[in-house]
Amino acid sequence: MTSNLLAQKSMSLFTAMGGWRTVAEGIASRALFLIAYLLTEQVVTAGLIAVGGVLVCAVIRVYGDRKYWQAAGGLVVVGLSAALAGSTGRGVDFYLPTLLLGVAGGTVFLISTLVRRPVVGLIVEAAGGKRSAWWRDRPRLRRYQKCMAVFLAKFGIALAVMVPLYLAGNVVALGIASTLMGAPATGLCAYLSWRILRADAPASAFPC
């Protein structure tokens, strides 16, 4: 029953965030820019192609399931990335917003861990409709802290790889790293967190 409930929470949260379509769009936008840049060697052209690809996905999403904020969110990030790269003429700047978002996300995750209000716990407990002071339950808090360690490792590795590539101006390597360490790496962290919660939690911890 515990694993079933955790699986349901994970899937409902995953769906609320956009599901596989959001993951695919995140990968496609970065890959489209990189491929277009390699073929044309034009930053502006590559940026427009990336924006166009995400715009098509956004229109399909709005028409299909009416999820306006998810479609708009992805389009804004890609549009900002393309505008920044076009204004500087440097291909690596297309990936700068993603890099900065990684810094901001890692900071938030680190602070939430230090103050013993782990983001993963807040999300999972909210998905379960719970309002209790779950952070006072030490075993439960410890499980969520383990999940946070997984995400913090991901943020740390991503920054350690991407910052030197950005400073070196290596568009190809940075594009590949940004693509792999974005949605795919986040999905892997979510899966590992689910395994941690399912393995560690007693049946009474998440009653259903």
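**Reading aromatic pairs**

User: At 11% relative accessibility, does F151 count as buried or exposed?

Analyst: Buried: its relative accessibility of 11% is under the 20% cut-off. Bear in mind that this is a predicted model.

User: How many aromatic pairs are there, and what describes one?

Analyst: A ring pair is described by how far apart the centres are and the angle between the planes. Here the count comes to 9 aromatic pairs. Take F33 and Y95: their centres are 5.8 Å apart and their planes sit at 85°, so this pair is edge-to-face, since the angle is over 60 degrees.

User: Which parts of the chain does that pair link?

Analyst: Distant ones, 62 residues apart: F33 is in helix α2 (residues 19–40), while Y95 is in the loop between α4 (68–88) and α5 (96–114). F33 is buried at 0% relative accessibility, and Y95 is buried too, with a relative accessible area of 1%.

User: Back to F151, then. What kind of pair does it form with F109?

Analyst: A tilted one, with 5.5 Å centre to centre and 50° between the planes. F109 lies in helix α5 and F151 in helix α7 (residues 138–168), so the pair ties together parts 42 residues apart in sequence. F109, at 15% relative accessibility, counts as buried.

User: Which residues do ring pairs link into a cluster?

Analyst: F33, Y37, F94 and Y95.

Technical notes
Residues are numbered from 1 along each chain as its sequence is written. This is a predicted model: local features need pLDDT of at least 70, side-chain atom pairs count only at pLDDT 80 or more; totals for chains, interfaces and linings use all residues. Side-chain values use heavy atoms; hydrogens and water are left out. Rings of Phe, Tyr and Trp (its six-membered ring) pair if their centres lie within 6.5 Å; planes under 30 degrees apart count as stacked, over 60 as edge-to-face and the rest as tilted. Helices (H or I, at least four residues) and strands (E, at least two) are DSSP runs, numbered from the N terminus. Buried means under 20% relative accessible area, exposed over 50%, partly exposed in between (1.4 Å probe, protein chains only).
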